[in-house]
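Me: I'm new to this structure and would like to get to know it piece by piece. Could you show it to me and take my questions as they come?

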Amino acid sequence: MAIENKKVVSFHYTLTNQQGDQLESSHEGQPMSYLHGSRNIIPGLEKAMAGKDVGDEFEVTVEPAEAYGERVETKVQRISAKLFRHPGRLEPGQAVSIQTKQGPVQAIIAKVGRFNIDVDLNHPLAGQALTFNVEVTDIREATEEEISHGHVHGPGGHEH
Ligand code: ZN
């Protein structure tokens, strides 16, 4: 059974950046599961999955446009330090949660000044080419309910 739309696919992966640093790995726990054709995973990886079979192992490098997008410099924003309620000392590179009208968003501290703080709202992996080493562990038909929800239920998916 090859991977195509409306299949639930489980796979183990490691994610490495172009400096060779391993950023994520599923091998410590359960494989990741997703519904193929429903944009549950980044587009470049989903494309590479199509047609693969259980037991297949492969490596794919995905450019930023097919991963988490390019970095957008206007997403680096200057906030008055007075408005910044955060316990303790802030350091560049630190991940923080920022309250916005749309709810909390994750940001990285870019620069700490005396009166202002620059926060970077880009996805931490934006602008990076990503290499995935993938092993397909299971493929099954999606249920009608999973297809209508657009995601996987049960182990590795939504529990509801
Ligand atoms: Zn659901």
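Me: Which side chain makes a polar contact of 3.2 Å with the side chain of His 153?
Reply: This is a predicted model, where local features need pLDDT of at least 70, side-chain atom pairs count only at pLDDT 80 or more, and totals for chains, interfaces and linings use all residues. Residues are numbered from 1 along each chain as its sequence is written, and side-chain values use heavy atoms, with hydrogens and water left out. A polar contact is a pair of N or O atoms within 3.5 Å; within protein, one must be able to donate a hydrogen and the other to accept it, and residues adjacent in sequence count only if both atoms are side-chain atoms. At 3.2 Å, the partner of His 153 is Glu 145.

Me: Is His 153 buried or exposed?
Reply: His 153 sits in the segment after helix H2 (144-149); helices (H or I, at least four residues) and strands (E, at least two) are DSSP runs, numbered from the N terminus. Buried means under 20% relative accessible area, exposed over 50%, and partly exposed in between (1.4 Å probe, protein chains only). Because its relative accessible area is 13%, His 153 is buried.

Me: Which residues are the protein donors of the zinc ion?
Reply: Donors are N, O and S atoms within 2.8 Å of the metal (3.2 Å for Na, K and Ca); water is not among the atoms, so sites may look incomplete. Here the donors lie 2.0 to 2.1 Å from the zinc ion, and their spacing in sequence is H-x1-H-x1-H-x6-H. They are His 149 (ND1), His 151 (NE2), His 153 (NE2) and His 160 (NE2).

Me: What is the geometry of the zinc ion's site?
Reply: Four donors count as tetrahedral if all angles lie between 85 and 135 degrees; four count as square planar and six as octahedral if opposite donors are over 155 degrees apart and all others between 65 and 115; anything else is irregular. The angles among the 4 donor atoms are 96 to 121 degrees. The site of the zinc ion is therefore tetrahedral.

Me: Which residue forms a salt bridge with Arg 71 at 2.9 Å?
Reply: A salt bridge is a side-chain nitrogen of Lys or Arg within 4 Å of a carboxyl oxygen of Asp or Glu. Arg 71 also meets Glu 73 in a salt bridge, at 3.7 Å. In the pair at 2.9 Å, the partners are 49 residues apart, with Arg 71 in the loop between S4 and strand S5 (76-80). That partner, in strand S8 (residues 116-120), is Asp 120.

Me: Which residues are linked with Lys 7 in a network of salt bridges?
Reply: Lys 7 lies in strand S1 and counts as buried at 6% relative accessibility. Contact means heavy atoms within 4.5 Å, and the residues in contact with Lys 7 include Tyr 34, Ile 139 and Arg 140. Its network of salt bridges links Lys 7 with Glu 4 and Glu 141.

Definitions and conventions
Lists of a residue's contacts leave out its neighbours within four places in sequence.
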